[in-house]
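Colleague: I am new to this structure and would like to learn how to read its features one by one. Could you take me through them, giving the general idea before each case?

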Amino acid sequence: MSPALIAPASAVAAKAVHGVMSLNPTSLLAPAPTKTAGGASANFASTLGRATTVSPSGLVGMSPADLRKTISSLNPDQQTALSQQLVGADVTVQDASGRLVSGALNKLRIENGFPVFSVAGQDYSLGQLAAVNKPAYA
């Protein structure tokens with residue numbers, strides 16, 4: 001006696017065996033678009049894609065102006081995620097007096113929802129980042 005067919009290999013086979021196809025497997029891949037606060041359509045997959053587009057290695061060699069523009073385009077959660085990836089990286093920051101300080105980015109903490117980190121014993125915000133010289137795990 002041969003075993004019964006439990007899971008057809010294709011949607012066509014499923015329809016042939018069971019008569020009705022009740023689940024479209026591709027519907028599980030990306031949720032339907034939803035309206036955002038501004039009225040535009042967005043879906044989870046596209047939002048997730050935007051959250052993971054900035055990597056520390058992609059910031060190496062970027063001008064300070066472009067670096068700040070990129071960072072300012074990120075929401076607080078994305079800035080925190082980027083900061084976590086930068087821990088241990090060799091960076092250059094600009095202090096309040098305009099002086100450039102280089103060293104390893106360390107001692108990351110979150111204050112009022114935004115990342116604050118230490119370089120050479122001083123605290124800086126992500127907006128004071130002037131250059132990523134070498135990623136932590138390059």
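Modeller: Let us begin with a term: a salt bridge is a side-chain nitrogen of Lys or Arg within 4 Å of a carboxyl oxygen of Asp or Glu. Please keep in mind throughout that this is a predicted model.

Colleague: With that in hand, how many salt bridges does the structure hold?

Modeller: There are three. In one of them arginine 109 pairs with glutamate 111, and their closest N and O atoms lie 2.6 Å apart. Arginine 109 also meets the side chain of aspartate 123, with an N to O distance of 2.9 Å. Because aspartate 123 belongs to strand β7 and arginine 109 to strand β5, this pair ties together parts that are 14 residues apart in sequence. Through shared partners, the salt bridges join Arg109, Glu111 and Asp123 into one network.

Colleague: Which residue meets arginine 99 in a salt bridge?

Modeller: That partner is aspartate 95, and the N to O distance between the two side chains is 3.1 Å. Aspartate 95 has a relative accessible area of 14%, so it is buried.

Colleague: Let us turn to the backbone: where is asparagine 112 found, and what is its phi?

Modeller: Asparagine 112 sits in the loop between β5 (106-111) and β6 (114-119), and its phi is near 50°, a positive value in a residue other than glycine. With a relative accessibility of 78%, asparagine 112 counts as exposed. Alanine 120 likewise has a positive phi, near 55°, and is a residue other than glycine; alanine 120 is found in the loop between β6 and β7 (122-125), and at 57% relative accessibility it counts as exposed.

Colleague: Finally, how far apart are glutamine 78 and valine 54, in sequence and in space?

Modeller: Here one reads two separations side by side: glutamine 78 and valine 54 are 24 residues apart in sequence, while their C-alpha atoms are 8.7 Å apart in space. Glutamine 78 lies in helix α5, which covers residues 76-86, and glutamine 78 is buried, its relative accessible area being 13%.

Definitions and conventions
Residues numbered from 1 in each chain as written. Predicted model: local features only at pLDDT ≥ 70, side-chain atom pairs only at ≥ 80, totals over all residues. Heavy atoms only, no water. Helix = DSSP H or I, 4+ residues; strand = E, 2+ residues; numbered from the N terminus. Buried < 20%, exposed > 50% of the residue type's maximum accessible area, 1.4 Å probe, protein only.
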